[in-house]
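Have the model open beside you and try each task before reading its solution.

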Amino acid sequence: MQRLRELARLVEAVFEELESTFAGYQRRTGLNCTSGCGACCNNPEVEASPLEMLPLALDLFDRGLAENTLTSLDNYSGFSCIHFVRHSLDGSRGECGIYRQRPSLCRMFGAAGVSGKFGQPRLSVCRSIKEEQPAAHLLALTNLDDDPPPRMSEGKEKVRQLDHSLGQRDFPINEALRAALEKVLLLACYSNEVPSDQVA
Ligand code: SF4
């Protein structure tokens, strides 16, 4: 269990690095997500590895919420990430309920780099940003060689390298959280660890 906690701290450190790299590019180019937009989160196919969900899973365990969250995942019948808090019926508006612990892909939403057919940098920008910030989008495309966008695949790889067994495969985000919670609960059982909020 101690090893899992150390691993989670390493994942959090990479998350901070990703935050600064990707948000930095978005700020620099003006290609920021529109405040309150829920388009990316209103989708159960957002992918993450169990490793990326480990900080959240440990936090839920420490707060005595791991089993309840597994039950919520079993009973969940929605069509989005379970942590998406809707502010509109259609889910087009909303916010993240676990913002500080969100996985790596969520830190790259909006505008990021992908590899073109021949490995060249390409800019991937969501439709809303393209529509709302056409001038910034055009400028970022013009500056692609001088200021290439950080690539999503490199960001994901930085996390994956921390632990290939937990990080090698991506799953839909709710399944990735389930796998991380099951791992934490299994190891807690072997090590007789109880949630910190239940320690006398
Ligand atoms: S973890 Fe947060 S940012 Fe990521 S999909 Fe879920 S609600 Fe959205």
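Arg160 is buried, at a relative accessible area of 19%, where buried means under 20%, exposed over 50% and partly exposed in between (1.4 Å probe, protein chains only). This is a predicted model, in which local features need pLDDT of at least 70, side-chain atom pairs count only at pLDDT 80 or more, and totals for chains, interfaces and linings use all residues. Residues are numbered from 1 along each chain as its sequence is written, and side-chain values use heavy atoms, leaving out hydrogens and water.

**Exercise 1.** Find the salt-bridge partner of Arg160.

*Solution.* Start with the criterion: a side-chain nitrogen of Lys or Arg within 4 Å of a carboxyl oxygen of Asp or Glu. Finally, Glu157 is partly exposed, at 27%.

**Exercise 2.** Describe the pairing of Glu175 with Arg178.

*Solution.* Their side chains form a salt bridge at 3.3 Å, N to O. Both lie in helix α8 (residues 173-190), three residues apart, so about one helical turn lies between them. Glu175 is partly exposed at 37% relative accessibility, whereas Arg178 counts as buried at 17%. Elsewhere, shared partners join Glu52, Lys156, Glu157, Arg160 and Asp170 into one salt-bridge network.

**Exercise 3.** Which parts of the chain does the Glu17 and Lys158 pair link?

*Solution.* The side chains meet at 2.8 Å, N to O. This pair links distant parts: Glu17 in helix α1 (residues 2-29) and Lys158 in helix α6 (residues 152-160), 141 residues apart.

Key: Helix = DSSP H or I, 4+ residues; strand = E, 2+ residues; numbered from the N terminus.
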